Number of protein chains: 2
Amino acid sequence: MRLTRQTNYAIRILMYCAANEGRLSRIPDIAQAYSLSDLFLFKILQPLVEAGFVQTVRGRNGGVKLAKPAEEITLFDVVRVTEESFAMAECFESDTECPLVEGCGLNEALRKALGAFFEVLASYTIQDLIDARPNMRDLLGLDVQLDRAAAPI
Amino acid sequence: MRLTRQTNYAIRILMYCAANEGRLSRIPDIAQAYSLSDLFLFKILQPLVEAGFVQTVRGRNGGVKLAKPAEEITLFDVVRVTEESFAMAECFESDTECPLVEGCGLNEALRKALGAFFEVLASYTIQDLIDARPNMRDLLGLDVQLDRAAAPI
């Protein structure tokens, strides 16, 4: 049982943008912070843009920023967009061959367990993840970038 | 996010044995009920035997039965034995490259969510799943087998 890489990196991208609130985050900088290719990053960004979590600004000085406050994006919101399926078992699908499918207690138990899982995720926002760690900007190399930008040419 | 096929069928095998309590369940009968090969069934049985959930009886009239009451086997007990990993994301593993790994709030949020998931699973026993469905024996073809066994040759 594991979340997809998409979900994992989607959350990290949102954390990066939240830690860099008030500024545009450059794709190559985010990619470098997480050792990802720009291409993979763009792939993950797409559903985040469509869901209204981030917005992109094109051009030479372009980048990406949160489209809504980090306090208003919960982990459940993200997971719902990035995970492909929450079919915990064959009996969540319509084409199961299990003879017990009609009303078997397993399906109900798994649904309740998944509900409890989601409830905890819904109680955490992207801002909570940022607040949990005071030196987030350091860890992401964000202040290094500012220094570099401010340095004389 | 999905449970493995092993987990899914392990629970179903235990349900079969529980529904057939007091008798030995034949491997070919369980396999037929769930449209599985005998070989795959044996593969799933092995960890269930090792964990003390079922015991096998060899020989022509052999089969498998629960090694402890169905009320004493929770879904959490089963999942703990049959799922290979609960590393929800890269940051659960020691070789992650994420710069945020030390104390990032995501890891904590996912651990709590997984804890809530497990807590629900721990509240359901195999017997609960059987009790949820009054005609379980019918659905598994168990009474058909008894009729057949009792029929004159």
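Two residues are taken to be in contact if their C-beta atoms, placed from the backbone, lie within 7 Å. By that criterion, in this predicted model, 42 residues of chain A are in contact with 42 residues of chain B.

**Where chain A touches chain B**
- The elements that give two or more residues to the side of chain A that touches chain B are the helices α1 (5-19), α5 (105-122) and α6 (126-131) of chain A.
- Of the elements on that side, α5(A) gives the most, with 12 residues.
- Sorted by class, the side of chain A that touches chain B has 27 nonpolar residues, together with 10 charged and five polar ones.

**Make-up of chain A**
- Chain A contains eight helices and two strands, and along the sequence these elements follow the pattern α-α-α-β-β-α-α-α-α-α.
- Of the 153 residues in chain A, 33% count as buried.
- When contacts in chain A between residues at least 6 apart in sequence are considered, 64% of them join residues at least 24 apart.

**The strand pair in chain B**
- Strand β1 of chain B, residues 54-57, pairs with strand β2 of chain B, residues 63-66, in the antiparallel sense over four bridges.
- Within this pairing, B:Q55 stands opposite B:K65 in β2(B).
- β1(B) and β2(B) form a hairpin with five residues between them, and in the turn B:G59 has a positive phi of about 105 degrees.

Technical notes: Residues are numbered from 1 along each chain as its sequence is written. Chains are lettered from A and ligands numbered from 1 in the order in which they are written. This is a predicted model: local features need pLDDT of at least 70, side-chain atom pairs count only at pLDDT 80 or more; totals for chains, interfaces and linings use all residues. A residue is buried if 20 or more other C-beta atoms lie within 10 Å of its own, exposed if 12 or fewer, and partly exposed in between; C-beta atoms are placed from the backbone. Ala, Val, Leu, Ile, Met, Phe, Trp, Tyr, Cys and Pro count as nonpolar, Asp, Glu, Lys and Arg as charged, and the others, Gly among them, as polar. Two strands pair if DSSP finds at least two bridges between them.
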